[in-house]
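Please look over the sequence and the model shown here.

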Amino acid sequence: MYVSARKITAVNGRMEDTTAFATMLTQRINEKLGSDLGLAIEVGGDPNVLWLNGRWESLGDFQKFNEAYYADPQLVAAAAVTDSVASVTSDQINRIHRAPGDRNAFAVVSTGRIQMENFLGAMAFMDELAELATSISGIETGIALPVTGDRYEAMFIQFASSMQELQELDEKIFSNEEYLAMFAKAGQYMEPRFDSVFAQRII
């Protein structure tokens, strides 16, 4: 499975307008094209950012969606209206290496960067870490790897029903001695960087 992620950045002071318009347009696209696009805002990150996400069984399915979208002049014209309140600042395609749980109201995405000289070892380490986090928390921990952009990045993804549940999930995992011992080994495989952001689902 693959996930497309489009970053939309609102003009300062226009986040409310951008969110309302993006919500309407995303719903319209899903209705016309039979897609299942999701829309989310960052919480604890950039207050002017929305993420438009799609899940695809293959890149061929994503290509068919894009072709259908750009062949629809009404959708293309509607999207162009957003230029007055927001801009598309990046696109990324990720491959789901390990599937997370079902979409929920909130998600946490934690991004690390794999050391180039130990890529294969890092893959095995991340699988083991995600498996342990899942067994401790009871929440499936997914892993996404970029197909476009920085190919050495890796994203750990967890869904929850609330920010409180995300906090409790984090506390539960990082109070577990076995997890802490394994996490301490991350320096053998990952660069010293681990950024997390919450996302609140709108659609």
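## Strand β6 and its partners

β6 and β7 run antiparallel and are joined by three bridges. Two strands count as paired if DSSP finds at least two bridges between them. Strands (E, at least two residues) and helices (H or I, at least four) are DSSP runs, numbered from the N terminus. I143 stands opposite F156 in β7. β6 and β7 form a hairpin, with six residues between them. In that turn, G149 has a positive phi of about 90°. β4 also pairs with β6, antiparallel, over four bridges. There, I96 has A144 of β6 as its bridge partner.

Five of the five residues of β6 are buried. Buried means under 20% relative accessible area, exposed means over 50%, and partly exposed lies in between (1.4 Å probe, protein chains only). G142, A144 and P146 point one way from β6. I143 and L145 point the other way. In a regular strand the side chains alternate between the two faces of the sheet.

## Basis of the model

This is a predicted model: local features need pLDDT of at least 70, side-chain atom pairs count only at pLDDT 80 or more, and totals for chains, interfaces and linings use all residues. Residues are numbered from 1 along each chain as its sequence is written, and side-chain values use heavy atoms, with hydrogens and water left out.

## The barrel

Eight strands close into a barrel. Their order is β1-β3-β2-β8-β5-β7-β6-β4, with antiparallel pairing. Neighbouring strands are turned by 35° against each other on average, direction ignored. Helix α4 (residues 119-137) packs on this sheet. α4 touches β4, β5 (106-114), β6 (142-146), β7 (153-160) and β8 (190-201). Contact means heavy atoms within 4.5 Å. The direction of α4 makes about 85° with that of β4.

β1 and β3 run antiparallel, joined by eight bridges. I8 stands opposite L50 in β3. β5 is mostly covered, with seven of its nine residues buried. Eight bridges join β5 to β7 in the antiparallel sense, and T111 has M155 of β7 as its bridge partner. β5 also pairs with β8, antiparallel, over eight bridges. Here G112 stands opposite F194 of β8.

## Helix α1

How far apart should the ends of α1 be, at 1.5 Å a residue? The 19 residues of α1 should span 27 Å, and the end C-alpha atoms are 26 Å apart, which agrees. The expected span is 1.5 Å times one less than the number of residues. After α1 comes G34, with a positive phi near 70°.

Buried residues of α1 include M15, T18, F21, L25 and I29. The buried residues of α1 pack against β1 (2-10), β2 (38-43), β3 (49-56), α2 (59-70), α3 and β4 (86-98).

## α1 against α3

The axes of α1 (residues 15-33) and α3 (residues 73-80) come within 11 Å and cross at roughly 170°. The two helices are therefore roughly antiparallel. Axes are lines fitted to C-alpha atoms, for helices over the stretch in contact, and angles run from 0 to 180 degrees between N-to-C directions. Under 35 degrees counts as roughly parallel, over 145 as roughly antiparallel, 65 to 115 as roughly perpendicular, and the rest as oblique.

On the α1 side, F21, L25, R28, I29, K32 and L33 make the contact. On the α3 side, the residues are Q74, L75, A78 and A79. They divide into seven nonpolar, one polar and two charged. Nonpolar covers Ala, Val, Leu, Ile, Met, Phe, Trp, Tyr, Cys and Pro; charged covers Asp, Glu, Lys and Arg; polar covers the others, Gly among them.

N48 sits in the loop between β2 and β3. Its relative accessibility is 16%, so N48 counts as buried. Not counting residues up to four places away in sequence, N48 touches I8, T9, A10, N12 and M15.

Y189 lies in the loop between α6 (177-183) and β8. Y189 is buried, at 18% relative accessible area. Leaving aside neighbours within four places in sequence, Y189 is in contact with I114, Q115, N118, G121, A122 and F125. Y189 and R113 are 76 residues apart in sequence and 8.8 Å apart in space, C-alpha to C-alpha.

F62 belongs to helix α2. F62 is buried, with a relative accessible area of 14%. Leaving aside neighbours within four places in sequence, F62 is in contact with S4, W56 and I93.
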